[in-house]
Every structure is written in C-alpha cells, then in structure tokens.
Amino acid sequence: MTKFIRFIGKIIVLLLLIATALDGLYTYVFTHALGRNKIEQVMNGQPQQFDVVILGTSRANNHFVPELFEKKGYTTFNYGMSGSHLLETALMLKLMLHKGWKIKNIVLEADLNLTNEKRDEGTFAWFMPFLHQSDSIKEHIKSEADFIPLYYVPFYRYNKFDARIGFRAWYKTVMNEPTNILHNKGYYPLGVNPRAKMKNDLRSLKPLKNRYYEEIKKLCKAHQINLIAVTTPMCSDVKGMNYFQKVKQAYPEILPYEHVIDEDRYFSSCGHLNDAGARKFTSILLKTLPLKK
C-alpha cells in the first residue's frame, strides 16, 4: 500500500512538473509575440500615442474606419474586438493606460453590450497568457468563479481555453503565421451577404447599470481622456428598437446613432454594416463627434 501511495505521489509530481514546464513554454511564446491579435500588440508592444482609440465589440470593429479619421488629421486605431463584452473592453483600456499610452479621445461603442457583465470566453482567453505578468489582469478578473485554478494551477488556463491559446495557436505563433486582425488599423471590413437575415428582435434586452462601462468612464476621467460613447446602426426590420431609448434613459451621455443608416444595402447582417455602410457611418460621425484635437 505504501509503495502504491508513493507511486501515485511520483506520478502527481511528474504531472505537475510537466504542466509547469508547458505553462512556462506557452507563456514565453505568447508574451513575446507581436502581430497576431490586439491584446498581444498592447501587451508586448511599445507605448503608443493616438488622437483616437476606438473600443467595443464587433459593432466597433466592423463599423469605424480609422482611415477616414486619419484623413481628417486624427491618428487612429480600431481596438474593437469581435465577440467581446465590456468586461474585456474595460480591461483592454486598463492595459493601455498601465503601459503608458497617451490617448486624447476614446470612441466607445456602447449599445447592445450594456446588457451583460459576463466575460466572452473567446476574447477573455487572449488575456490569459499574461495573467502572471499583469497585476491589472489579475485584479480585473479576481471575481471570476474560476480565478483560483486559472491563476494557481499550472497550464490550466491553456487547457481550458485550448480553442484560442492551445497547441494550434501556440504553433502558429512560433511559426510567426500572420493574421489579418491588425490590418486596416484594426478595422475589419465586411462584405455583402445576400443570405443574411435582415431582421432582429431586441425586445428581451435591457441595459444594465454596467459596472465595466462605469469603470471605463472613471478611467477616462482620471486620465483626462475625452470619452465619446455612441450607439451604432441596426437594419430596418428590428423589433424592440425602444431598447435604445432605455439606453438613453440610463446613460444620457451616450450619443444616439442607431438610426443614421437603415437601408439594408449598407448592412452585411442586421447588426453589422458592410464596408460601404461603415464608411458612410464613419463619415457621418466625423461631422458630428465632439473630438478633442
């Protein structure tokens, strides 16, 4: 019996050593990578200076064209992340500021993402390689139910989020395989999708007094950043468009742009503009946004 217990103990120790070694190997690769996603660019790159930084979900990533901002003289990058929630958006801003970025204006897409305070598993995963390197990440996710295993168990986070930061992503990073995430200064243009259903139903949605939106406002105030929060367009056939009135009631400072484009020919799907729509939308914004020079 004693021999068996010792044998099991040796196996456990061996597995912990292997997990620790793999954890170190994966972490080293991801924390020295540049150019594969926006979080790596912020964490591994040098501090930046921008007149305009765009933040939000895919409705920011696909809707704001930095090229048009730059033609007006504003250095701009779109750090919107498809699939993300405000939890990840607030964390991204914290990392930028902790790294010493200088930002004059933040244009924040704040509409449908106000309805929850949960994390998005896919976007959240991209922060995990930096968990032990960044106190900002550690403090931001401390309230997550699985924080203890994520932080203390070797290789657990890579196994849990294997789809985003597992072996396949690690190998592509080692091989320096490029992605298109950072092309077009972070803007991802969508094409015309003839099969897309141009309808949506927002009647069940309700904006929260969102803690992460509040964090973003406090961070911008503390760092003297001009925060401009906006809603973005929806297609013509949407039930429950009074959701945006609820947003306005909860947050009067959020500028309403949900109705400025409603022709379906400008949409790739009901909630996402195609490239032509994004360029038209950005042109409208540039005429009316209170940007600080």
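Asp 262 touches Met 234, Cys 235, Ser 236 and Phe 267, once its neighbours within four places in sequence are set aside. Keep in mind that this is a predicted model.

**Around Asp 262**
- Asp 262 sits in the loop that runs between helix H13 (243–250) and strand E7 (267–269).
- Its relative accessibility is 45%, so Asp 262 counts as partly exposed.
- Asp 262 and Cys 235 are 27 residues apart in sequence, yet their C-alpha atoms are 5.1 Å apart in space.

**The disulfide**
- Searching the whole structure turns up one disulfide.
- The partners are Cys 235 and Cys 270, with 2.0 Å between their sulfur atoms.
- The link of Cys 235 and Cys 270 is left-handed, with -75° about the S-S bond.
- Cys 235 belongs to the loop between E5 and strand E6 (238–239), and Cys 270 to the loop between E7 and strand E8 (272–273), so the bond ties together parts that are 35 residues apart in sequence.
- Cys 235 is buried, at 3% relative accessible area, and Cys 270 is buried with a value of 3%.
- Another cysteine, Cys 220, is buried with a relative accessible area of 1%.

**The sheet**
- Four strands make an open sheet in the order E2-E1-E3-E5, and the pairing is parallel.
- Strand E2 (76–78) and strand E5 (226–230) are the edges, each pairing on one side only.
- On average, neighbouring strands of this sheet are turned by 20° against each other, ignoring direction.
- Strand E3 (residues 102–109) runs parallel to E5, and five bridges join the two.
- Asn 105 stands opposite Asn 226 of E5.

**Helices on the sheet**
- Helix H5 (residues 86–98) packs on the sheet, where it touches strand E1 (49–55) and E3, and its direction makes about 170° with that of E1.
- Helix H12 (residues 211–222) also packs on the sheet, touching E3 and E5, with about 150° between its direction and that of E5.

**Ser 58**
- You'll find Ser 58 in helix H3 (residues 58–61).
- Why does Ser 58 count as buried? Its relative accessibility is 14%, and buried means under 20%.
- Neighbours within four places in sequence aside, Ser 58 is in contact with His 63, Met 81, Ser 82, Gly 83 and His 272.

Key:
Residues are numbered from 1 along each chain as its sequence is written. This is a predicted model: local features need pLDDT of at least 70, side-chain atom pairs count only at pLDDT 80 or more; totals for chains, interfaces and linings use all residues. Side-chain values use heavy atoms; hydrogens and water are left out. Two strands pair if DSSP finds at least two bridges between them. Axes are lines fitted to C-alpha atoms, for helices over the stretch in contact, and angles run from 0 to 180 degrees between N-to-C directions. Contact means heavy atoms within 4.5 Å. Buried means under 20% relative accessible area, exposed over 50%, partly exposed in between (1.4 Å probe, protein chains only). A disulfide is a pair of cysteine sulfur atoms within 2.5 Å.
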